[in-house]
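Dear colleague,

Please find below the structure that I am handing over to you.

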Number of protein chains: 2
Amino acid sequence: MKSALSYFLAARQCEIGELERLTATSTLVGVIGRFTHALQRERAMSNIVLASQGERFAAARLEQIPQCDGLHAQVLTSFEALAREAASARNGARLFNRIAVVLDGLERLPRIREQIAALELAPHAAAQAFSRLIAGLLGVVFEAADSAGDPDISRELVAMFHFMQGKEFAGQERAHGAAAFATGHIDAPGQQHWRHLIEQQHHCFQVFDEFADSALAAAEHARHDRALLVRIERLRRIGLALGSMPVDEAQVDAWYECCTARLDAMRDIEDQAAAHLKQLCERQIARGHTALRDQQAALEALQREAGARHTGRSALIGPQLERSVLDLVHDQARRLQAMSDELETVRAALNERKLVERAKGVLMAHRSLTEDEAYRSLRQMAMNQKRRLADVAQIVLSMADVLPPHSS
Amino acid sequence: MKSALSYFLAARQCEIGELERLTATSTLVGVIGRFTHALQRERAMSNIVLASQGERFAAARLEQIPQCDGLHAQVLTSFEALAREAASARNGARLFNRIAVVLDGLERLPRIREQIAALELAPHAAAQAFSRLIAGLLGVVFEAADSAGDPDISRELVAMFHFMQGKEFAGQERAHGAAAFATGHIDAPGQQHWRHLIEQQHHCFQVFDEFADSALAAAEHARHDRALLVRIERLRRIGLALGSMPVDEAQVDAWYECCTARLDAMRDIEDQAAAHLKQLCERQIARGHTALRDQQAALEALQREAGARHTGRSALIGPQLERSVLDLVHDQARRLQAMSDELETVRAALNERKLVERAKGVLMAHRSLTEDEAYRSLRQMAMNQKRRLADVAQIVLSMADVLPPHSS
């Protein structure tokens, strides 16, 4: 039969095991970041190819595809490694389902590429296929962030997820703007969608700033290339007014280059964040091992002492050792509870996102709104009622059962 | 490389695996219930032995000890079975630490029993040692309830945990009252503690009613023996006024018998609840297997169809099958999300308990209150401010950092 002490040490080992799983997760997040980056680029190139009727970026697109395919294979390998670990994890079912969504998207990709090569798709439709696939990949990162049990690591994963999501909105903006510049005109819904993408980037990077380690957030700020941002703002202004001014053919290249420089800089930050996350995991693992060794050594010393005393006066054996084990167990219980409390706080940011996503879905179904309109409507409600976005989302969800679906 | 479909099916298998772990947990909860019941009885007997200076219940107590020891061994075996499963579970560390607390208590038990046999302990101190051990055992049940991923099962575990906790307050009341009747007097703190135990039972059974399956709650209500309750209320009235009236020696036996009859009836309900929980797990597992089989069959049929069509017109292969997999994956994602939302609601009851426990701890430390006083003070604040107990607890916790600890 095992003793209290052995279970106490097993608890510590469990924590270390969880940290080791998180290290594997942070590697996966890195691989997904690289693959997403390549797909984002292919999406923008495809949009320009389609919007220019094959006149522009056709060769660049053909060079980009093998880049994507190499990373595609890495992602599949990482999924299989994760699958071996995750079978008994609490969110295993959700994680596997997220992976199934991604694989389904990947299985459709060759057909999408054929259609793009044959100029059979509208830019919007092609971009949507890529965006769905990337949303699936970020869904896997979201699930990883949602499953971390260590609050510091969870905080970094939440920051990382929001950074990747913000970068993806920037990527969508690049593709959307590129198609607009290449066709030379934009309609009202296209303008609205563009503004929505700018707003969403801003929101994601705010959450990143809130959760990222301060050194990392500072690195991100330092990287902001002011001159580049000014050029992007100028092109945004021009792009949002397309059709009302004479079209400058060079602008599609300028837009693509500026946005790509910005996205590449973001990719560097992602790499730094992934390296930082990995270091954090390794530091926590090392800390766990040290604590475990210290505790074992302290207990062995007490046992020796008790043994030495035993040869003299037997009445004194045990109580001090017993007391020490109990103190350790209670300290550990307090520490685990504090971690779990802190984790709740961190996870609140993820819950907020879940609530807003679901409320958007309700508004889209009940009022036949587009995703942009649903989000704007939530934001408007929050401003009017001076409530947090998550609170408004909660109210919308609680009303969903009593609202009849929109009949259209 | 695995396909989207294989991950989709793996997600379903993960769910089934989780349900199988929950079945094992429900068996453990049953074993803990039986052991707790035996310890509760030994505690009351020990209290009477000590309060009567060894005059009463000494033989009954000696017969009870081997009963406890048999169940003790079963609990240890169950812990080891659980430990094999839990090493990779998300709350593994917390669970192992809870088990360490229990084992530490069990390792101290022989010494406590020696002290009771030698009449070296006050009834209050002996009762406290047993109550701590039982609190540790219920802590394991709490952790099991906190880790369940299926909302229906989590609901039953929350109900079960609160029922066991309510029964434990009833057990503490039996021991506390027995000591009072056996000594023939009670002081003001003793009266206050007695009232606190009655109040706490009431609160726990309310939560049970809220979460238990309606059939089970009805069975619990049907079992209420009105005549027994009237006798208990009468004895409570006498007990709370002890010292002001002549003592009737037979009352200690009457009190012990009435309370024991009530606790034994509760033990029956616990058994029903455990059986119910086990059935629920088995039903969900069977449902999962059926769904898995149906999905596999449907997909194989589609594959055959696609194959048949393939021999004729190759252009039609695939898309219908692809669409079906995607629909299944999305349905599964929605189902998993709905489960996770429902789970949050159920777990709110557990979070409430955690908050109240921690706020009590803060009040005890900062204002040097006893546990009863801390709880009453929280209740009073909630009534005065017309807030929920959990909200008041949250406020106390958020103030804890700014309050200086009580200097005594």
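Helices are DSSP runs of H or I with at least four residues, strands are runs of E with at least two, and both are numbered from the N terminus. On that basis, chain A reads α-α-α-α-α-α-α-α-α-α-α-α along its sequence, which amounts to 12 helices and 0 strands. Please bear in mind that this is a predicted model. Taken along the principal axes, the C-alpha atoms of chain A fill a box of roughly 100 × 50 × 40 Å.

I turn next to the interface. The size of an interface is often given as the accessible area lost when the parts come together. For chain A and chain B, the buried area is about 4,500 Å², and carbon and sulfur atoms give 57% of it. In terms of residues, 50 from chain A are in contact with 49 from chain B. Polar contacts are found, however: 5 residue pairs across the interface of chain A and chain B, with both partners at pLDDT 80 or more.

Which helices of chain A each supply at least two residues of the side that touches chain B? They are α1 (4–51), α2 (58–86), α3 (92–117), α4 (123–147) and α10 (319–367) of chain A. The largest share of that side, 15 residues, comes from α10(A). By class, the residues of the side of chain A that touches chain B divide into 25 nonpolar, 9 polar and 16 charged.

Within chain B, two helix pairs deserve mention, both involving α5(B) (residues 151–183).

- Helix α4 of chain B (residues 123–147) packs against α5(B) at an angle of about 175°, with the axes 10 Å apart. Angles over 145 degrees count as roughly antiparallel, and α4(B) and α5(B) are therefore roughly antiparallel to each other. Among the residues that meet are B:Ile134, B:Leu138 and B:Phe142 in α4(B), and B:Leu157, B:Phe161 and B:Met164 in α5(B). This contact of α4(B) with α5(B) comprises 12 nonpolar, 4 polar and 1 charged residues.
- Helix α1 of chain B (residues 4–51) and α5(B) pack at an angle of about 5°, their axes being 8 Å apart. Angles under 35 degrees count as roughly parallel, so α1(B) and α5(B) are roughly parallel to each other. The contact of α1(B) with α5(B) has 15 nonpolar, 8 polar and 5 charged residues.

Finally, over all chains the structure holds 42 salt bridges. One of them joins the side chains of A:Asp69 and A:Arg113, at 3.0 Å from N to O. This pair links distant parts of the chain, 44 residues apart, with A:Asp69 in helix α2 of chain A and A:Arg113 in helix α3 of chain A.

Yours sincerely

Notes:
Residues are numbered from 1 along each chain as its sequence is written. Chains are lettered from A and ligands numbered from 1 in the order in which they are written. This is a predicted model: local features need pLDDT of at least 70, side-chain atom pairs count only at pLDDT 80 or more; totals for chains, interfaces and linings use all residues. Side-chain values use heavy atoms; hydrogens and water are left out. Contact means heavy atoms within 4.5 Å. Buried area is the accessible area (1.4 Å probe) that two parts lose on being put together, summed over both. A polar contact is a pair of N or O atoms within 3.5 Å; within protein, one must be able to donate a hydrogen and the other to accept it, and residues adjacent in sequence count only if both atoms are side-chain atoms. Ala, Val, Leu, Ile, Met, Phe, Trp, Tyr, Cys and Pro count as nonpolar, Asp, Glu, Lys and Arg as charged, and the others, Gly among them, as polar. Axes are lines fitted to C-alpha atoms, for helices over the stretch in contact, and angles run from 0 to 180 degrees between N-to-C directions. Angles under 35 degrees count as roughly parallel, over 145 as roughly antiparallel, 65 to 115 as roughly perpendicular and the rest as oblique. A salt bridge is a side-chain nitrogen of Lys or Arg within 4 Å of a carboxyl oxygen of Asp or Glu.
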